[in-house]
Amino acid sequence: MRTKSVGKKKINIVTLGCSKNVYDSEVLMGQLEANGKQVVHEEKGDVVVINTCGFIDNAKEESINTILEYVDLKNQGVVEKVFVTGCLSERYKPDLIREIPDVDQYFGTRDLPILLKHLGADYKHELVGERLTTTPKHYAYLKISEGCDRPCSFCAIPLMRGGHISTPIEKLVIEAQKLAKKGVKELILIAQDLTFYGLDIYKKRALGELLQELIKVEGIEWIRLHYAFPTGFPEDVLDIIRTEPKICNYIDIPLQHINTELLKAMKRGTTFEKTNALLDKFREKVPDMAIRTTLIVGFPGETEERFEELKQWVRDQRFDRLGCFTYSHEENTTAYVLEDNIPDEVKQKRVEEIMEIQQQISWEKNQEKVGKIFKCIFDRKEGDYFVGRTEYDSPDVDNTVLVSAKDVYISIGEFANVKITSAEDYDLIGELV
């Protein structure tokens, strides 16, 4: 029998899925710490809170396996309680209660105050911007809105996260200031849809105004934009990216496909022509911008001809960064009524074909950087190398810059100028200057 008192129980937060979940876990941990609780992230604990992802099949499988793993530990007496929150729990709560009843309680994505009550804590409204960051100390995610109002037919996010709710500019500035005081130098702005920011509370797109306020925060040197929806993109943002040195010349804009008929079936609100016109505008206004995108292959109706169109477009556009995923047939989305008529092995082969094209493009673009000098921030030391990034690269998903640790020392979280001496498919190798 355990003899620990309730007050001394260690609460372990386990985070699965995307950066939005990372942010939510950090807010939860901040609230728990403010309540005097002992909280850790993905370490041993007496009570476990699993923040799940329910976006596509692979993510759901990982979440379920993690829940089962901790339920097994609970049954062995290794942990006392297992709570589940996040997207999977929001979307499939009745099914989960029926199938995995040994979980002590399930919570949705907007149940933070209720979850805290079950953990013996009170939700503290005054903790604006207070959170325990789990990323390296020099960068942090800043979630500027929650939910999504877009009608994309393949996407279950509105089912799990609800409608779009923007966080007011003044609250985000306070949060950024608190992060800067803790040593954060790079803010990565995230949302389900950055470009929709402000429409609900200011009755206009206000991403540009938010950026103008965030660049005033002392200590923040880089601000990076993730997940900008292409339809209705606010063009004033491009002027700010071009003129403000703190805003990285980088944008993550998930385009998903280029065939007009498939874009229509996906309910993306755009066409081949409009997409290309937007990309032309990006490159005209910010010639030095790195564009990251993500694509979906295997959507119902993606014939060989339409896939060949996508491949040729990837060759023509020469994106700086690109990710590719297979279509996941998600219940309760509007695309679910369509026949998922492309075999999994064909979907996977198409991913590989796209990524092979992108690998060559990435190699060629990297060769163009040899001999040039870039300002880099260094995230970690790995083996014989310090691992850094340029402003054109986001952590965990993009390219890295490697500097030999044999002859020089670089402080983690610091900026340094690096001359690129050689380049591989996704890595640049350089030396300090």
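One term before the first stop: contact, or touching, means heavy atoms within 4.5 Å. Helices (H or I, at least four residues) and strands (E, at least two) are DSSP runs, numbered from the N terminus. Two strands pair if DSSP finds at least two bridges between them. For angles, axes are lines fitted to C-alpha atoms, for helices over the stretch in contact, and angles run from 0 to 180 degrees between N-to-C directions.

You are looking at a predicted model, where local features need pLDDT of at least 70 and side-chain atom pairs count only at pLDDT 80 or more, while totals for chains, interfaces and linings use all residues. Residues are numbered from 1 along each chain as its sequence is written, and side-chain values use heavy atoms, with hydrogens and water left out.

**Stop 1: the five-stranded sheet**

Select β1 to β5. These five strands make an open sheet with parallel pairing, in the order β2-β1-β3-β4-β5. At the edges you'll find β2 (38–41) and β5 (105–106); each has a single partner strand, so one side of each is left without a neighbour in the sheet.

Next, pick helix α3 (residues 87–99), which lies across β3, β4 and β5 and runs at about 125° to β4.

Zoom in on β3 (residues 47–52) and β4 (residues 81–86): they run parallel and are joined by six bridges. Which residue of β4 stands opposite Val48? Show Val82, and there it is.

**Stop 2**

Are they buried or exposed? Buried means under 20% relative accessible area, exposed over 50%, and partly exposed in between (1.4 Å probe, protein chains only). Cys148 counts as buried because its relative accessibility is 13%, and Cys155 is buried at 16%.

Show what surrounds them, leaving out residues up to four places away in sequence. Cys148 touches several residues, including Ile157, Pro158, His164 and Asp193. Cys155 is in contact with Phe55 and Thr333.

How many disulfides are there? A disulfide is a pair of cysteine sulfur atoms within 2.5 Å, and by this rule the count is zero. The cysteine sulfur closest to that of Cys148 belongs to Cys152, and at 6.4 Å it is too far for a bond. Jump to Cys248 as well: it is in no disulfide, and the nearest cysteine sulfur, in Cys376, is 12 Å away. Cys248 is buried too, with a relative accessible area of 1%.

**Stop 3: the six-stranded sheet**

Select β6 and β9 to β13. Here six strands form an open sheet with parallel pairing, in the order β6-β9-β10-β11-β12-β13. β6 (139–143) and β13 (321–326) stand at the edges, each with a single partner strand, so one side of each has no neighbour in the sheet. From one strand to the next, the twist averages 20°.

Look between β11 and β12 (residues 290–297), which run parallel and share three bridges. Ile251 has Ile291 in β12 as its bridge partner.

Helix α8 (residues 236–243) is next: Val237, Leu238, Ile240 and Ile241 are buried. Seen down the axis of α8, its buried residues fall within an arc of 160° (taken from the directions from the helix axis to the C-beta atoms), so they line one face of the helix. They pack against α7 (207–214), β10 (222–225), β11 (247–252) and α10 (272–285).

**Stop 4: a hairpin**

β17 (residues 415–423) pairs with β18 in the antiparallel sense over five bridges, and the two form a hairpin with three residues between them. Ser422 has Ile429 in β18 as its bridge partner. On to β16 (residues 400–404): four bridges join it to β18 (residues 427–432), and these two run parallel. Val403 is bridged to Gly430 in β18.
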